Each structure stands twice: as C-alpha cells, then as structure tokens.
Amino acid sequence: MFQIGENRTRIGLATYSSDVHTEFHLNENFDRPSLHQSLSRVRQRRGFVTNTKLAIWTMRRKMFSERRGARPGVVKVAVVLTDGQSNSVVRTVWEAMKARREGIHMFAIGIGSFINRRELRGIASKPTHDYMFQVSNFQALESIKNILAIKTCVGMYTIRSLNS
C-alpha cells in the first residue's frame, strides 16, 4: 500500500529472539521488487528468550540512523511484532519510552496467547487504541494489514499537519 522509493517510504527490518538480526536497512530497498526479494529471504528467529528490549534499542540506535537511511525531518514509524512476553518487561518499556521521546511512533502487535498486554501498551505510542493490536496467529496479521497501513498514513499526515 506504500509508495516505496528513495524519496518516498523507506522500510528496514530486524528480526529477533534472544539476539537481533538486521535483515535490511532503510537505505537498501528503493523499489517494490527489491523489497519483495529482501522480504522473501526473511525467516522467523527461534530462541529461548524474547529480547524485545534489544530489538527496540537496535531499531532506535542503529536502524533509524542517518547512516542507515533515516532522513532528517521525516516521520519515523516502528512496528514491533512479538509472539511472547519479553525477557525484561521493564527494560523493554523503558527502551520504547526512549524511542517515543526521540519522535519514533511505535506500533505494537502481539501475536498469539503468550503475549503480555501490559507490555504491549508500554511499547505502543499513545493513544494505545490507535497503536496497539493483538491477533491470534501469524496468519491473522493479514486481517490488520490494511488498518495498520491506514493508521500509519493518518498518523504521518496528522504529525506533518501539526508541524506545518
């Protein structure tokens, strides 16, 4: 649903479990075919812990850096997907708060029944009813795809209007 391009929407992706793996940065895919090719190589990470705090830290400190493709004055939006409670709820929420303070708009999506709703609320920007979702399984992500895209665009438009 997004127009992908160097001067349009940029997408980066990291996967995580006990560690974080950057799949691709914001400055790597400037058209749909290359983005789809990069996405086709992504595999779900398996691990014994869910290190959401480290994933948010990596996104905030590394992925949203100008060196990796973040642009000054452009709205930053993060979508955090998790299928389990993190290994440190307090540290995860603290890291998400730092990201929000830096102007990153945080969407939190919980998948399955092992998530912690309080943690999701702590990750999500406010108001949480606009930034937090819960689905029953990975296939159910399809059901919120359009809503998420619309809310992301509405949020960016609202933010730009306020800054004008």
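Colleague: What are the ground rules?

Modeller: The model is predicted; local features need pLDDT of at least 70, side-chain atom pairs count only at pLDDT 80 or more, and totals for chains, interfaces and linings use all residues. Residues are numbered from 1 along each chain as its sequence is written, and side-chain values use heavy atoms, with hydrogens and water left out.

Colleague: What is the strand order in the open sheet, and which strands stand at the edges?

Modeller: Elements are DSSP runs numbered from the N terminus: helices are H or I with at least four residues, strands are E with at least two. Two strands pair if DSSP finds at least two bridges between them. Here 3 strands run in the order S3-S4-S5, paired in parallel. S3 (76-82) and S5 (132-135) are the edges; each has a single partner strand, so one side of each lacks a neighbour in the sheet. S4 (residues 104-111) pairs with S5 over 4 bridges. In one of them, Ile109 is partnered by Phe133 of S5.

Colleague: Which residues of the largest nonpolar core touch the most other members?

Modeller: In soluble globular proteins, nonpolar side chains tend to be buried together. Buried means under 20% relative accessible area, exposed over 50%, partly exposed in between (1.4 Å probe, protein chains only). A nonpolar core is a set of buried Ala, Val, Leu, Ile, Met, Phe, Trp, Tyr and Cys residues joined through side-chain atoms within 4.5 Å. This core has 28 residues, and Ile56, Met59, Ile104, Met106 and Ile123 touch the most other members. S4 gives the largest share, 6 residues. Contact means heavy atoms within 4.5 Å. Beyond four places in sequence, Met59 touches Phe64, Ala78, Ala99, Ile104 and Met106.

Colleague: Is Thr58 buried or exposed?

Modeller: Thr58 sits in helix H2 and counts as buried because its relative accessibility is 7%. A polar atom of the Thr58 side chain lies 2.8 Å from the backbone oxygen of Leu54. Leaving aside neighbours within four places in sequence, Thr58 contacts Val20, Thr22 and Met63.

Colleague: How many aromatic pairs are there, and which rings form a pair?

Modeller: Rings of Phe, Tyr and Trp (its six-membered ring) pair if their centres lie within 6.5 Å; planes under 30 degrees apart are stacked, over 60 edge-to-face, the rest tilted. The count is 1 aromatic pair. Phe107 and Tyr131 have ring centres 4.7 Å apart and planes at 45°, so the pair is tilted. Phe107 is in S4 and Tyr131 in helix H5 (residues 128-131), 24 residues apart. Phe107 is buried at 2% relative accessible area, and Tyr131 is buried at 12%.

Notes: Polar contact = N/O pair within 3.5 Å; in protein donor to acceptor, adjacent residues only side chain to side chain.
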